[in-house]
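Here is a short report on one protein chain. Keep the sequence and the 3D view open while reading.

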Amino acid sequence: EAEKRRVLIPADTRKRITAYCKENNLGLLIVSQLVYSSLIRPKEIRCLKVSDVFLKEHYILIRPEVAKTHFARIATMNPTLEGLVADWLKGANGDDYLIGSKDYAAGKKPIPHSRFSKDWIEMRKALHLPDEMELYSLRDTGINEMLKCGIDPLTVMQHADHHDLSMTTRYANHVDPHLVETISKKAPNF
């Protein structure tokens, strides 16, 4: 199988993306966070309804008809994302799409399929980021960082909606620019 051309998106770049989106496109920030921290695929995000969001329980339900694998799952929201989503949904109806067709706001029609890519490319150009930094790169990055911060592989696999650990390992198979530093500092001595 061909090697992925996506790259991981480092924390300093994610901060730049966040600043850009807060100023220019808050909806894209929410989508980016959903991909990165909740590991929800962009195609799944387009189909989410407001009624799928359970703020008090800290998760989003991915219904079987929405999930790539056709199995229901829950996607956890971290406190930052939860706050963004709570503000985003003020005044929205349960039947509305979480990300609607009019400027990402929750609405009766889902956002067009190409809109995420179009807006991501616009942001990437404004920030002079490489083409390999795709929206989906945030999912790879989220999986990698969850594994590196000590979340066990089985939990990451389930959160990512992978059918087995080999798929999770494929997502985690990126060059770590901090590998030498990490091993030098953390590996046991002989």
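The report covers the basis of the model, a sheet, a helix, a pocket and a few single residues.

## Basis of the model

This is a predicted model, in which local features need pLDDT of at least 70 and side-chain atom pairs count only at pLDDT 80 or more, while totals for chains, interfaces and linings use all residues. Residues are numbered from 1 along each chain as its sequence is written, and side-chain values use heavy atoms, with hydrogens and water left out.

Helices (H or I, at least four residues) and strands (E, at least two) are DSSP runs, numbered from the N terminus. Buried means under 20% relative accessible area, exposed means over 50%, and partly exposed lies in between (1.4 Å probe, protein chains only).

## The sheet

Strands of a sheet pair through backbone hydrogen bonds, either parallel or antiparallel. Here, three strands form an open sheet in the order S1-S2-S3, with antiparallel pairing. Two strands count as paired if DSSP finds at least two bridges between them. The edge strands are S1 (53–54) and S3 (73–76), each pairing on one side only.

S1 and S2 pair over two bridges in the antiparallel sense. Val53 has Ile60 of S2 as its bridge partner. The two strands S1 and S2 form a hairpin with four residues between them. His58, in the turn, has a positive phi of about 70 degrees.

S2 (residues 59–62) is joined to S3 by four bridges, and these strands run antiparallel. Ile60 stands opposite Ala75 in S3. Leu61 has Ile74 of S3 as its bridge partner.

In a regular strand the side chains alternate between the two faces of the sheet. S2 has a covered face with Ile60 and Ile62. Its uncovered face carries Tyr59 and Leu61.

## Helix H5

Which residues of H5 are buried? They are Phe116, Asp119, Trp120, Met123 and Arg124. Seen down the axis of H5, these buried residues fall within an arc of 140 degrees, so they line one face of the helix. The arc is that of the directions from the helix axis to the C-beta atoms. An α-helix has 3.6 residues a turn, so residues three or four places apart point the same way.

Lys118 and Lys125 are exposed on the other side of H5. The cover over the buried residues of H5 includes helix H1 (11–24), helix H2 (26–36), H3 and helix H6 (137–148).

Ala126 also lies in H5. At 41% relative accessibility, Ala126 counts as partly exposed. Ala126 and Gly94 are 32 residues apart in sequence and 35 Å apart in space, C-alpha to C-alpha. His128 follows H5 and has a positive phi, near 60 degrees.

## The second largest pocket

A pocket is found on a 1 Å grid over the protein atoms alone: a 1.4 Å probe fits at its points, and it is an open set with protein on both sides within 12 Å along at least five of seven lines. The second largest pocket holds about 270 Å³ of space. It has 14 lining residues, and the closest to its centre are Pro42, Phe116, Ser117, Leu135 and Tyr136. Lining residues have an atom within 4 Å of a point. Grid points are joined across faces, edges and corners, and a volume is the space filled by probe spheres set on the points.

Helix H3 (42–47) and helix H5 (113–126) are the elements that give two or more residues to this lining. H5 gives the most, with six residues. By class, the lining has six nonpolar, two polar and six charged residues. Nonpolar covers Ala, Val, Leu, Ile, Met, Phe, Trp, Tyr, Cys and Pro; charged covers Asp, Glu, Lys and Arg; polar covers the others, Gly among them.

## Single residues to check

Most residues other than glycine have a negative phi, and most peptide bonds are trans. His70 has a positive phi, near 65 degrees. His70 sits in the loop between S2 and S3. At 58% relative accessibility, His70 counts as exposed.

Tyr104 is not a glycine, yet has a positive phi of about 75 degrees. Tyr104 is in the loop between helix H4 (79–88) and H5. Is Tyr104 buried or exposed? Tyr104 is buried, with a relative accessible area of 0%.

Gln33 lies in helix H2. At 16% relative accessibility, Gln33 counts as buried. Leaving aside neighbours within four places in sequence, Gln33 is in contact (heavy atoms within 4.5 Å) with Ser38, Asn78, Thr80, Leu81 and Leu84.
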